[in-house]
Amino acid sequence: MPRTTTLVCPGCPPFRALTFDSLGLIKAVEVRDKQRGVPQVVERWGDPQSSKSFIAVSMIDRNSNPLLAVARKNGQIEVLSPVNGDIQASISNADGLDIPSQENDVTGLHLFTKQNLESDSRDCTLLTCTTKGNASIRSIELADSSTGSSCIGSSKTWNVCSGGNILCSKVDGNEKFALFGGKGVEINIWDLDNLTKIWTSKSPPKDSLGIFTPTWFTSATFLKKDDHRKFVGGTNSHQVRLYDISAQRRPVLSFDFRETPIKALAADIDGYSIYIGNGSGDMASVDTRTGKMVGCFTGKCSGSIRSIVRHPELPVVASCGLDGYLRLWDTNTRQLLSAVFLKQHILHVLFDSSFNVEGMDLLPSKEQTPTEIIVTEEVEASPLKRKNSSKNKENILDGSERKKKSKTSKERKKSEENGAHEKTASRDERSKAASKKRNKNSNQGL
């Protein structure tokens, strides 16, 4: 029998998260208990189709008029409400752009928050970037409730690379700069106001054996929201590189993490810690000031990690991947708080920080199905406990009868032993009496 251990999950504080899977389904996961609770799937939007798989997501997280933008595998870009899932706008990525369909896969997507706050609530500004480096900033007019149609306003287009494939992109907190990188493309930073390139990274030199590592960035993130000069990039050769554009073009810090490609990176709110996830399900926290690993997260994932998100307020970090689980971790202890099984490959996850527990019904939603109930690590081990508990109950119920039986059996044994002793004693007495008679008869004969 293999050795098994049971993880006791303490539960999660109140939160709301949105997950995006490989079949084009959006699921809202919530914890409505004010203290500690188990996450539950309360809503599901969309129809399961592999052609509608999500490639990139972005959300304007605010209390009033929040927006969510998603890019799908079939080339469609949708702007919808993260509250009820209603589609506000739906466009094709090739609208207004002369791009072949095979080069139209969106790898970068960002909804501008500050521009939407200053402009009309019926408009939104969207940044997109394709695999071949065709980037655009477009103003989209949201669909009117009466007409139900949307249109594209002014747009700016440019190219961020001359060759290779763009695999990752990120916009800083001030929404003035953006970075792009990928396979055969060094990370370059662009000024979004002037659409000019201001910096390009330089690949590290050959190692001691003279081996040169090809450029292949899989993920990247800025360390601070208000500082675009420092960022971290993960490579396909399981390297994590820290760049400072004010210091040099090559990485100021580089280290290896396990032996599989880096698939997800996320920065902590402290400005120097990062969370790393790779293709074999390993997840760890690293201090970029020293380059040393703070620690690994307890409870190894069974599939490739594809997205890591840090909650902006709570000490919780979420991870998801190809094993179909959404896992919630404590950032301080790195212990597993809860795990939700969502059945499909989970590609992206986002937190809704404006979620409020007050005034909400604490019962599960009517749309929730039994298959969408959260499965935690503690629940998975409960059947064994139930069997043991039933046996204990039977033992408790039958204890008195067993005691009675044992007492009766002991009494019987004692009686049998006494009877055997009596029989042996009577036999001895008889044999002695017979021997005495024989002796008397022999003496009289003499």
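Modeller: Gladly! Let us begin with an idea needed for sheets: two strands pair if DSSP finds at least two bridges between them. Keep in mind that this is a predicted model.

Colleague: How many helices and strands are there in the protein chain?

Modeller: The protein chain has 3 helices and 28 strands.

Colleague: In what order do the strands of the open sheet run?

Modeller: In general, strands of a sheet pair through backbone hydrogen bonds, either parallel or antiparallel. Here, 4 strands form an open sheet in the order 3-2-1-28, and the pairing is antiparallel. Strand 3 (40–45) and strand 28 are at the edges with a single partner strand each, so one side of each has no neighbour in the sheet. From one strand to the next, the twist averages 25 degrees.

Colleague: Over how many bridges do strand 2 and strand 3 pair?

Modeller: They pair over 5 bridges, in the antiparallel sense. As an example to find on screen, Glu-30 has Gln-40 in strand 3 as its bridge partner.

Colleague: Which strands form a hairpin with 4 residues between them?

Modeller: Strand 14 and strand 15 do, and Leu-195 in the turn has a positive phi of about 55 degrees. Strand 14 covers residues 185–191 and strand 15 covers residues 196–200, with antiparallel pairing over 4 bridges. Ile-189 has Trp-199 in strand 15 as its bridge partner.

Colleague: Now for the inside. Which residues have the most contacts inside the largest nonpolar core?

Modeller: The general idea is that in soluble globular proteins, nonpolar side chains tend to be buried together. In this model, the largest nonpolar core has 18 residues, and Phe-15, Leu-326, Leu-328 and Phe-351 have the most contacts inside it. Several strands supply at least two residues each to this core, including strand 1 (15–21), strand 2 (26–31) and strand 28 (346–351). Apart from this core lies another, of 16 residues, with Ile-60, Ile-77, Cys-124 and Ile-140 among them. Over the protein chain, 45% of the 446 residues count as buried.

Colleague: What does Leu-326 touch?

Modeller: Leaving out residues up to four places away in sequence, its contacts include Thr-19, Val-29, Cys-320 and Val-349.

Colleague: How many disulfides does the structure hold?

Modeller: A disulfide needs two cysteine sulfur atoms within 2.5 Å, and this structure holds 0 disulfides. Take Cys-301: the closest cysteine sulfur, in Cys-320, is 9.5 Å from its own sulfur, so the distance is too far for a bond. Cys-301 counts as buried because its relative accessibility is 6%, and Cys-12 counts as buried at 1%.

Definitions and conventions: Residues are numbered from 1 along each chain as its sequence is written. This is a predicted model: local features need pLDDT of at least 70, side-chain atom pairs count only at pLDDT 80 or more; totals for chains, interfaces and linings use all residues. Side-chain values use heavy atoms; hydrogens and water are left out. Buried means under 20% relative accessible area, exposed over 50%, partly exposed in between (1.4 Å probe, protein chains only). A nonpolar core is a set of buried Ala, Val, Leu, Ile, Met, Phe, Trp, Tyr and Cys residues joined through side-chain atoms within 4.5 Å. Contact means heavy atoms within 4.5 Å. Axes are lines fitted to C-alpha atoms, for helices over the stretch in contact, and angles run from 0 to 180 degrees between N-to-C directions.
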